[in-house]
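I set out to record, in order, what I looked up in this structure.

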Amino acid sequence: MRKVVSSPFISLDGVVQSPDQWQFAFDAEMGAALGKALETADTILMGRVTFTEWAGYWPRVTSGEDAGFAKWINESPKYVVSSTLDSVEDWANSTLINGDLPAAIEKLKAGEGKDITVAGSPTLVRSLLEMDLLDELVLLIHPVVAGEGRKKLFKDDAALKKLELVSAEPTSSGVIIATYRPMR
């Protein structure tokens with residue numbers, strides 16, 4: 001069965017929003033971890049905000065250092081979780097999920113293919129974790145406090161959720177790549 005995996009950049013204070021504003025280093029180990037995530041996944045799951053932001057950018061990228069990722073994401077099936085969007089036809093290979101999320105995720109996991117990666121979408125990641133639909137959480141923990149005013153991965157009033165540490169690897173820039181699985 002396929003896994004649903006999320007690999008967000010996260011600060012020490014739990015911020016995941018706008019890592020371009022607080023991520024000061026990107027090293028070879030981080031690149032290898034993200035490369036592995038792309039090699040082991042062939043389907044993308046995202047929320048409305050990430051879809052809206054990315055649909056306006058990635059289809060237009062055809063050259064430069066981001067061309068490889070653009071090709072991968074543009075050609076991969078994308079499933080957009082939203083209760084407010086009417087259509088996701090703006091971006092090729094996109095399908096809207098606006099009904100029973102657990103049923104949709106279970107159907108995707110039971111299908112053929114590699115893993116399913118969650119792109120961005122911290123609200124969706126929280127929901128998937130709360131509903132026991134997330135199989136792996138790979139945190140790229142940056143040694144920085146991002147500060148106020150940015151979206152955190154977990155709300156302050158989140159319910160208790162136990163995770164099991166699968167692996168942890170420090171990188172040359174001080175980032176820790178920690179892989180967790182929910183305890184079920």
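**Entry 1: a strand and its partners**

I looked up valine 5 and found that its bridge partner in β7 is glutamate 136. The model is a predicted one, in which local features need pLDDT of at least 70, side-chain atom pairs count only at pLDDT 80 or more, and totals for chains, interfaces and linings use all residues. Residues are numbered from 1 along each chain as its sequence is written, and side-chain values use heavy atoms, with hydrogens and water left out.

I noted that β1 (residues 4–6) and β7 run parallel and are joined by two bridges; strands pair if DSSP finds at least two bridges between them. Helices (H or I, at least four residues) and strands (E, at least two) are DSSP runs, numbered from the N terminus. β2 (residues 9–11) also pairs with β7 in the parallel sense, over three bridges. Here phenylalanine 9 has leucine 140 as its bridge partner in β7. Leucine 140 also has a bridge partner in β9, isoleucine 177. β7 and β9 run antiparallel, with five bridges.

Is β7 buried or exposed? I found seven of its seven residues buried, so β7 is largely enclosed by the rest of the structure. Buried means under 20% relative accessible area, with a 1.4 Å probe and protein chains only. Glu136, Val138, Leu140 and His142 lie on one side of β7, and Leu137, Leu139 and Ile141 on the other. In a regular strand the side chains alternate between the two faces of the sheet.

**Entry 2: the second largest pocket**

I recorded a volume of about 400 Å³ for the second largest pocket. A pocket is an open set of points on a 1 Å grid over the protein atoms alone, where a 1.4 Å probe fits, with protein on both sides within 12 Å along at least five of seven lines; lining residues have an atom within 4 Å of a point. The volume is the space filled by probe spheres set on the points, which are joined across faces, edges and corners.

Of the 20 residues that line the second largest pocket, those closest to its centre are Ala33, Lys36, Glu136, Val138 and Thr179. α1 gives the most to this lining, with six residues.

**Entry 3: the helix α1**

I found that α1 has 12 residues and reaches 16 Å from its first C-alpha to its last, close to the 16 Å expected at 1.5 Å a residue. The expected span is 1.5 Å times one less than the number of residues.

Conventions
Buried means under 20% relative accessible area, exposed over 50%, partly exposed in between (1.4 Å probe, protein chains only).
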